Amino acid sequence: MKRKLAALMVLCMICLLAAVPALAADVFMYEDRTMTLFEGDEGYPVILRDGKFDTDGTISYTVNNKKICSVDSDGTIHALARGTAIVTASLNRNGKLLKKTSIQITVSRRVTKVTLSTKNLQVYEPDDEYILELLGLTQEAADPAETVNPDGLEPDETQEPDGTEDPFILTNRVIVLPAGKSALLNAVCTPEDATNRKILFETDDVGVAKIVNGKELKGVECGECDLTISSVQNPEVTETFHVLVIEPVKKITVDAPFKSVSAGGSMQLDAVFTPDTATIQKVTWTSRNPKIATVDEDGVVTGLTKGRVTIDAKAADGSNVVGSVVLNVTQDVTDIVVGQYDVTVATGRSVQLKVNVLPQSANDRSVTWTSSDESIATVRNGQITGRRAGECYVTCTSNSNPDISADVAVSVIQMVTKITFQTAPGLSFPVHTSQQLDWEVYPEDATIKDVTFRSLSPKIATVDQNGMVTAVSRGQAKIVATAKDGSGRQGTYVVNVTQPVEGIELSADTYYVQLDGTLDIRPTILPKNASNQRVHWSSSDTYTASVRTAGTNTGRVTGQREGSATLTATTEDGGYTATTEVLVDDFNGAVKVESSWIDKNNKIKLSMWNTSNQTVRAVYFTVKCYDTQGYEMVCNKDGESTFFEGSYPMELQPGDRTMHGRFNFNGYEEPGTLGYVIVTVTGFEFDNGQKWMIPEDDRVPCQSIFSDHYGEPASRPETDEPEDDDDDNNVLKEDGIG
């Protein structure tokens with residue numbers, strides 16, 4: 001109800017105003033509230049004035065952003081830079097502000113140039129002869145009666161006063177577009193920050209080519225027209241292209257004379273077009289792998305390296321038809337390098353040559369080997385075999401590129417087959433002397449007859465390079481002669497180096513021999529490594545002591561009767577002699593046990609006597625222990641033996657007796673109460689160092705009296721002779737006779 005009442009009141013007011021005559025209004029305002037200018041332009045906005053603001057007063061102008069625009073005192077606006085600013089006009093009268101009005105100034109950046117991107121278009125320069133020929137054909141194909149002169153003149157009126165025709169001049173670049181095909185158009189404005197960058201595409205003959213969807217140029221039928229690209233903001237800024245709509249290529253076949261091309265070689269390719277009436281029969285050549293092969297603009301393909309490559313021929317008319325061919329790039333042999341260019345080989349021997357066919361990537365690296373004279377040397381797979389002495393050449397030739405080869409100079413020599421020593425076998429000579437060896441090399445026509453000598457035992461004999469052998473020490477040495485020609489042939493010869501005897505020695509001036517016994521005397525031959533060690537023996541009194549040679553040089557003496565004799569040893573080599581005296585006697589009983597007993601302290605007491613007429617410097621004996629019941633007692637530190645060994649280390653002159661307290665009891669350990677002991681002399685040592693061991697059958701045991709612990713001695717028990725025991729205890733115990 002309220003809304004209806006308000007509407008009725010408004011309607012009444014309108015009717016009332018319409019009935020009253022119009023009154024003058026007070027107006028001071030810009031006619032337009034906004035104005036758009038380009039940078040550098042001027043604007044003259046109009047201010048409407050009426051009523052009390054009609055004529056009186058002065059107007060002043062201000063702008064809120066002087067970088068965008070400026071304003072003169074008369075209200076003229078100068079656009080300076082892209083952006084938006086507010087210009088205000090103020091009406092003043094007598095220094096008093098009466099009214100203000102404002103206008104919004106928008107300063108735009110002007111488009112100065114439009115540029116069509118030709119990246120995905122088939123574009124030709126206007127002076128391209130190939131395109132000019134096509135344009136000429138198109139013009140000739142047109143009906144002269146239908147040709148309209150741009151100036152509206154008759155055909156004959158286009159002639160120059162001199163009667164020549166006005167030549168056809170093309171200034172715009174040409175876009176080639178197959179009939180029925182479309183191309184996306186893309187253009188940009190300059191500057192890039194222009195305020196309005198919208199672009200308009202138009203053709204002057206939509207029957208030839210037209211714009212579809214605002215940005216696609218579509219070829220309708222064969223013919224020519226112009227394409228204009230213009231700025232929507234500044235329509236006067238344009239770029240024009242001539243458009244040639246052609247019959248497109250449907251298929252391209254690439255014709256190659258061969259399926260392969262060598263690296264470094266070239267081959268011409270041809271493009272065959274379908275249909276053969278296609279307007280532009282031209283292609284763009286590209287290689288899908290330019291590292292293997294390249295192709296130039298004329299279709300000449302050049303191989304670079306071994307491999308397979310696809311060459312494409314793309315139609316130049318914009319139809320995007322592509323024809324391809326797959327080629328093999330082969331690598332020819334460019335060089336042959338052999339391991340050595342001068343070879344020496346022996347007859348019957350072979351040498352293998354190493355060969356490197358370059359490059360490694362060559363398709364066929366096989367080679368053929370030939371010899372310039374197979375009677376001198378033959379070759380097979382690089383193996384050269386010498387046949388007879390002489391010189392020739394061996395050639396290695398590439399099978400795939402016969403122009404590439406390598407020659408090797410071959411020298412065949414006759415090798416040594418045998419080395420024989422002419423010196424009679426069994427050469428023997430003493431140390432510090434020399435002997436010359438003689439030898440012969442076979443065959444007689446051997447190329448190199450020189451030999452080298454070496455000794456396999458230089459500590460025995462050395463040899464110089466002339467075959468002179470020098471004896472160094474006793475022994476046998478093998479001398480080897482080796483051919484210098486590399487044949488490996490050798491000859492050997494064995495020399496014997498002897499060591500002469502330089503003297504003979506005996507270890508003692510006197511030797512003692514048991515009556516009816518024997519003694520072996522071994523001399524020392526000087527030097528010890530003398531070759532001949534044989535010695536002959538003789539006795540000055542064979543009735544007292546006879547001697548014979550036993551083995552090589554030992555003198556075996558037999559005592560025949562008591563007395564003395566002189567023995568002589570004579571070397572077989574050199575006749576050197578040595579003499580010594582032998583004394584024959586019954587030495588087994590030279591030292592006797594005079595007495596033995598056990599004192600009240602359970603100590604063993606001994607007394608011995610040198611009954612011989614020789615000086616004795618040590619006596620050896622054994623002591624066996626028994627208890628008071630006559631049973632054997634363990635008395636040795638080994639914990640097992642019932643006897644121990646002893647010695648008397650003092651010198652005994654003929655007739656001397658031992659001194660108490662000087663005996664050594666080796667390994668003796670007191671076993672407890674002793675009943676008695678049995679003492680046996682086993683040997684002694686003469687003052688010249690000769691040891692005398694009494695045979696067991698000749699040893700005389702001596703039993704001691706019973707121990708004083710039991711009063712008077714009981715009858716002596718039956719005992720066997722002391723048993724021989726090889727155990728030796730080196731612990732000494734000294735005891736003596738009190």
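Student: Is Cys-189 buried or exposed?

Tutor: Keep in mind that this is a predicted model. Buried means under 20% relative accessible area. Cys-189 has a relative accessible area of 6%, so Cys-189 counts as buried.

Student: And what is the relative accessible area of Cys-396?

Tutor: Cys-396 is on the buried side of that cut-off too. Its relative accessible area comes to 0%.

Student: How many disulfides does the count come to?

Tutor: A disulfide is a covalent bond between the sulfur atoms of two cysteines. To be counted, a pair of cysteine sulfur atoms has to lie within 2.5 Å. By this rule, the number of disulfides is zero.

Student: What does Cys-625 touch, leaving out residues up to four places away in sequence?

Tutor: Cys-625 is among the residues with the most contacts inside that core. Its partners include Ile-604, Tyr-631, Met-633, Cys-635, Phe-644, Tyr-668 and Val-677.

Student: Phe-587 and Phe-686 form an aromatic pair; how many residues apart in sequence are the parts tied together?

Tutor: The two rings sit 5.4 Å centre to centre with 80° between the planes, which makes the pair edge-to-face. Both Phe-587 and Phe-686 are buried. Phe-587 lies in the loop between β55 (577-585) and β56, while Phe-686 is in strand β61, so the pair ties together parts separated in sequence by 99 residues.

Student: Are the rings of Phe-644 and Tyr-668 stacked, edge-to-face or tilted?

Tutor: Both residues, Phe-644 and Tyr-668, are buried. Planes under 30 degrees apart count as stacked and over 60 as edge-to-face. With ring centres 4.6 Å apart and planes at 50°, the Phe-644 and Tyr-668 pair is therefore tilted.

Student: Which residues do ring pairs link into a cluster?

Tutor: Phe-644 in strand β59 and Tyr-668 in the loop between β60 and β61 are 24 residues apart in sequence. Both belong to the cluster, whose members are Phe-621, Phe-644, Tyr-648, Phe-663, Phe-665 and Tyr-668.

How values were computed:
Residues numbered from 1 in each chain as written. Predicted model: local features only at pLDDT ≥ 70, side-chain atom pairs only at ≥ 80, totals over all residues. Heavy atoms only, no water. Core = buried A, V, L, I, M, F, W, Y, C linked by side-chain atoms within 4.5 Å. Buried < 20%, exposed > 50% of the residue type's maximum accessible area, 1.4 Å probe, protein only. Contact = heavy atoms within 4.5 Å. Phe/Tyr/Trp six-rings, centres within 6.5 Å; stacked < 30°, edge-to-face > 60°. Helix = DSSP H or I, 4+ residues; strand = E, 2+ residues; numbered from the N terminus.
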